[in-house]
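Hi,

Here is the model I promised to pass on. Have a look at it first, and my notes follow below.

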Amino acid sequence: MIQERSDSQTIPADFTILALETSCDETAAAVVRGGRTVLSNIVASQLDEHRRYGGVVPEVASRQHMLSLVPVVREALAVLPGGWNDVHAIAATSGPGLSGALLTGLNAAKAMAFQRGLPFVGVNHLEAHIYANWLDSSAQHAVGSGQAPLTFPLVALVVSGGHTLLALVRNHGDYQLLGQTRDDAVGEAFDKVARILGLGYPGGPAIQQAAEGVQGAGVLPRAWLRDSYDFSFSGLKTAVLHKVQERQELEAKVAPKRAANERERRPPPAAPPAAPQPPAAKAQASSVTPQFVGQMAYAFQESVVDVLVTKTVDAAQKFGANAILLAGGVAANTRLRAELARRATVPVRFPPISLCTDNAAMVAAAAFYRFDAGVQSGWELDVNPALKLG
Amino acid sequence: MSDAMSRSSFPVAQTPHMLDFISHSVAQTERIGQRLGSMLGPGDLLLLLGPFGVGKTHLVKGVASGLGSTDLVTSPSFVLVNEYRAGPDHGNLPIYHADLYRLDERAEISGIGLEELWSGQGVCLIEWAERAADMLPTDHLAISLQHLSDTKRVLRFVPHGERYQQLVAQLKQGMFG
């Protein structure tokens with residue numbers, strides 16, 4: 001149950017929130033002051049786990065969240081001279097995400113709020129990603145109109161490994177979901193295509209790097225899904241796979257001939273020519289040239305960016321948005337940032353990279369405006385693994 | 001049925017109860033999923049095997065729709081598990097759509113509480129189940145998908161355990177009379 005606060009007073013500018021985020025495989029805690037100044041922002045995967053736990057810690061586990069949570073919260077609170085006494089409220093992600101993982105963070109946050117007698121609010125993880133754009137404007141990269149404060153309505157594009165959505169933000173806490181992916185998320189498509197091309201992990205930076213300075217790349221299909229702001233990327237992934245397989249089969253046919261030609265030219269063969277690689281080596285691009293990999297990476301990235309940017313710019317115009325907010329891990333992609341800034345008719349904002357990926361500072365930022373609107377969650381608030389935006 | 005044999009040897013186990021189906025399009029893959037979905041009940045476990053781009057998620061879209069769900073089915077590769085809700089004709093069962101794509105280590109798999117998904121009252125579908133082959137229950141329906149051409153796919157249904165033999169027999173009857 002959500003309780004409206006009776007008085008209409010706004011909360012103090014130094015209102016300090018401790019937030020937890022455990023929706024998937026990162027255990028994160030942060031302390032944010034006034035809804036925008038990040039005092040600490042701790043993500044468990046960045047901690048020296050060997051030092052803390054004396055062993056390797058598997059990343060994906062709700063049990064792991066339990067082990068990581070206390071040290072992460074302690075480290076987040078260490079920046080406050082008064083410790084707990086300087087915290088005014090507590091927030092945690094309540095969904096969407098893995099139910100076990102969400103439960104750990106949400107229950108810990110409720111327990112701490114109850115024990116300290118502090119107000120508490122649950123936050124939507126997707127909403128939090130958008131709110132990363134409200135954090136510390138000095139660290140923020142803005143394109144267009146500098147550091148101008150954000151005025152509603154806004155259009156937000158949230159792109160990460162697990163999520164892809166376009167939303168209209170009418171006011172704090174007031175969203176309309178315009179579109180979302182019908183199959184693979186953008187970050188997932190980057191990761192899987194990187195694997196198909198034999199590039200490294202994580203896939204986003206690997207593709208971006210492989211695509212740099214590439215010329216003569218072909219064009220891959222774009223799933224426009226006309227008259228909809230929805231997205232689809234699984235067909236593009238499959239198109240890349242088929243192109244790679246075609247090329248591998250071609251290489252396998254050409255390789256023995258090439259080897260035979262070499263033999264004729266250089267009379268005494270030291271060893272018999274290597275057997276051609278069977279085309280069975282699917283989902284691996286070992287037998288294709290770096291040039292081909294670069295061209296595929298380029299064409300893939302162009303296809304993804306074109307669809308994302310076209311729909312986002314269109315939505316911003318149609319709904320009269322005053323700015324476009326980019327959020328989520330894929331917001332780190334420089335090609336996406338540049339193309340969006342080039343084609344948008346309104347300013348484009350995106351958070352620094354450390355606030356694009358899952359973190360708790362963004363949860364605190366979203367929570368600040370909930371508290372400011374007099375909203376709190378009751379103790380009965382439960383996790384919602386399928387929580388939607390809007 | 002020889003569960004001991006099939007445990008370590010899926011994607012393909014030789015069994016007279018299996019069913020091969022060639023899908024000519026994404027729409028056809030979804031339709032066969034839909035037919036299968038309409039036959040599923042509480043506690044059913046389906047393992048989806050096969051490489052990128054064969055239509056595992058599309059098959060799940062069909063299954064969920066066959067169970068009367070109106071939820072949007074998307075790939076859980078990064079979020080690990082999606083939950084949907086079946087329609088009232090199917091008791092509003094929870095549908096768990098899991099994906100082990102990102103999990104490489106056994107320790108990680110045992111940590112995400114997968115057991116809770118298939119020991120509950122829902123229908124459980126697991127993509128990239130190859131990655132946890134020997135940790136999964138012996139009774140299940142294995143569906144392996146393979147590329148045949150740009151648009152064609154082979155779907156092989158291999159039942160493990162009596163419940164799933166019946167299911168495949170029912171599916172066969174429904175499709176071929």
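To begin with a term: helices (H or I, at least four residues) and strands (E, at least two) are DSSP runs, numbered from the N terminus. On that basis chain B has 6 helices and 7 strands, and their order along the sequence reads α-β-α-β-α-β-β-α-α-β-β-β-α.

Two notes on how to read the rest. This is a predicted model, so local features need pLDDT of at least 70 and side-chain atom pairs count only at pLDDT 80 or more, while totals for chains, interfaces and linings use all residues. Residues are numbered from 1 along each chain as its sequence is written, chains are lettered from A and ligands numbered from 1 in the order in which they are written, and side-chain values use heavy atoms, with hydrogens and water left out.

Staying with chain B, 58% of its 177 residues count as buried (under 20% relative accessible area; exposed is over 50% and partly exposed lies in between, with a 1.4 Å probe and protein chains only). Taking contact to mean heavy atoms within 4.5 Å, residues 24 or more positions apart make up 66% of the chain B contacts that have a separation of 6 or more.

Now the interface. In chain A, 32 residues are in contact with 27 residues of chain B. About 2,500 Å² is buried between chain A and chain B, with carbon and sulfur atoms giving 58% of that area; buried area here is the accessible area (1.4 Å probe) that two parts lose on being put together, summed over both. How many salt bridges does the rule find across the interface of chain A and chain B? The number is 0, where a salt bridge is a side-chain nitrogen of Lys or Arg within 4 Å of a carboxyl oxygen of Asp or Glu.

On the side of chain A that touches chain B, helix H2 (62–77), helix H5 (186–196) and helix H7 (234–265) of chain A each supply at least two residues. H5(A) gives the largest share, 6 residues. By type, this side of chain A has 10 nonpolar, 11 polar and 11 charged residues (nonpolar: Ala, Val, Leu, Ile, Met, Phe, Trp, Tyr, Cys and Pro; charged: Asp, Glu, Lys and Arg; polar: the others, Gly among them).

Over all chains, the whole structure holds 12 salt bridges.

- A:Arg170 and A:Asp174 meet at 3.0 Å, N to O. A:Arg170 is partly exposed at 38% relative accessible area, and A:Asp174 is partly exposed at 31%.
- A:Asp184 pairs with A:Lys237 at 2.9 Å, N to O. A:Asp184 sits in the loop between strand S10 (174–180) and H5 of chain A and A:Lys237 in helix H7 of chain A, so the pair ties together parts 53 residues apart in sequence. A:Asp184 is buried at 2% relative accessibility, and A:Lys237 is buried at 7%.
- A:Arg222 bridges to A:Asp306, with the closest N and O atoms 2.6 Å apart. A:Arg222 is in the loop between helix H6 (203–211) and H7 of chain A and A:Asp306 in helix H8 (residues 290–318) of chain A, so this pair joins parts 84 residues apart in sequence.

A:Arg222 and A:Asp306 also belong to a network of salt bridges with A:Glu302, A:Arg335, A:Glu339, A:Arg342 and A:Arg343.

Best wishes
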